[in-house]
Amino acid sequence: MSPLDINLADLIARLDEELPGADELARISEARLRAQTLSDLGDQLIDHYVSKAKRSGASWTEIGDAIGVSKQAAQQRHAPAAFERFTNLNRHSIVLAQEAARTHKHDFIGTEHMLLGLLGEPRGLAYEVLVAKAESEQRVRDAIEEAMPPAGEKALRGHIAFRPESKEAIELARRASADLGHDWVGTEHTLLGLIRVEESPAAQILRNLGFTSDELHETVKTAIAERLAVRDEQ
């Protein structure tokens, strides 16, 4: 096994660099948040390969043996779920949404956190669409932060639940992908899902930035077609 391109010294150096004036207790809190993010990414890494193994015909018994758990535990933890067809970039945006909730010390993942997660993944089409419309990343970020609820008193440990409107946005993202005839759910589909939950904070933020649901649908449809055309020419 080759070593991961990450080590403890690098993590410590980066945290210290980003929090130069913080005391040790503040650094402990930030280190815990980052550890949780790494754990979330690790879970998604395993989920990615479990999905590939299932598509290749592996049984849950075989997958459980590979993970080191029982068949039942493997199936319960890694059975296809809401994010099965999400692209890696879109999965990362969900991790960033979780991190945003923890950073703001919220005990829920709202649509506003999901929108902030999309903005945190600059390789995604959603980021491109957001910044093109708003003319700057900072304008989008400011609009999201302004709509955020007040910070809680302490960061939540462990799992953070999605709010009902966030779950609805995820389902609508899957529907948007299906409506467009796509076999993946990308950041662009999540953006469509968010604006279609009309009473959600994210939808209000997007409307304030000048988006409409119909216009966003056409923008995404055109942008994807252009990307696919460029890929086919290569």
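Visitor: Which helices are included in what covers the buried residues of α11?
Guide: Contact here means heavy atoms within 4.5 Å, and buried means under 20% relative accessible area, with exposed over 50% and partly exposed in between (1.4 Å probe, protein chains only). The cover of the buried residues of α11 includes α6 (111–119), α7 (125–134), α8 (137–147) and α10 (187–196).

Visitor: What kind of model is this?
Guide: Residues are numbered from 1 along each chain as its sequence is written, and side-chain values use heavy atoms, with hydrogens and water left out. Local features need pLDDT of at least 70, side-chain atom pairs count only at pLDDT 80 or more, and totals for chains, interfaces and linings use all residues, the model being predicted.

Visitor: Within what arc do the buried residues of α11 fall?
Guide: Helix α11 spans residues 201–208, and Ala202, Ala203, Ile205 and Leu206 are buried in it. Viewed down the helix axis, these residues line one face, because they fall within an arc of 160°. The arc is that of the directions from the helix axis to the C-beta atoms. An α-helix has 3.6 residues a turn, so residues three or four places apart point the same way; for α11 the arc is 160°.

Visitor: Which residues does leucine 130 touch, beyond those up to four places away in sequence?
Guide: Leucine 130 lies in helix α7, one of the helices covering the buried residues of α11. Leucine 130 is buried, with a relative accessible area of 0%. Not counting residues up to four places away in sequence, its contacts are Leu115, Leu119, Val140, Leu191, Leu206 and Phe211.

Visitor: How many of the ten residues of α10 are buried?
Guide: The buried residues of α10 are Thr187, Glu188, His189, Thr190, Leu191, Leu192, Gly193, Leu194 and Ile195. Helix α10 is therefore largely enclosed by the rest of the structure, the number buried being nine.

Visitor: With which residues is glycine 124 in contact, leaving aside neighbours within four places in sequence?
Guide: Glycine 124 is found in the loop between α6 and α7 and counts as buried at 3% relative accessibility. Its C-alpha atom is 7.7 Å from that of glycine 186, 62 residues apart along the chain. The contacts of glycine 124 are with Leu89 and Thr187.

Visitor: Is glutamate 135 buried or exposed?
Guide: Glutamate 135 lies in the loop between α7 and α8. Its phi is near 75°, a positive value in a residue other than glycine. At 71% relative accessibility, glutamate 135 counts as exposed.

Visitor: How far apart in space are leucine 130 and lysine 105, C-alpha to C-alpha?
Guide: Lysine 105 is found in the loop between α5 (88–103) and α6, and its phi is near 60°, a positive value in a residue other than glycine. At 37% relative accessibility, lysine 105 counts as partly exposed. Leucine 130 and lysine 105 are 25 residues apart in sequence, and their C-alpha atoms are separated by 25 Å.

Visitor: What is the radius of gyration of the protein?
Guide: The protein has twelve helices and zero strands, where helices (H or I, at least four residues) and strands (E, at least two) are DSSP runs numbered from the N terminus. The protein is as compact as a globular protein of its length, because the globule rule gives 17 Å for 234 residues and the model's value is close to that. The radius is taken over C-alpha atoms, and the rule is 2.2 Å times the number of residues to the power 0.38. The radius of gyration of the protein is 19 Å.
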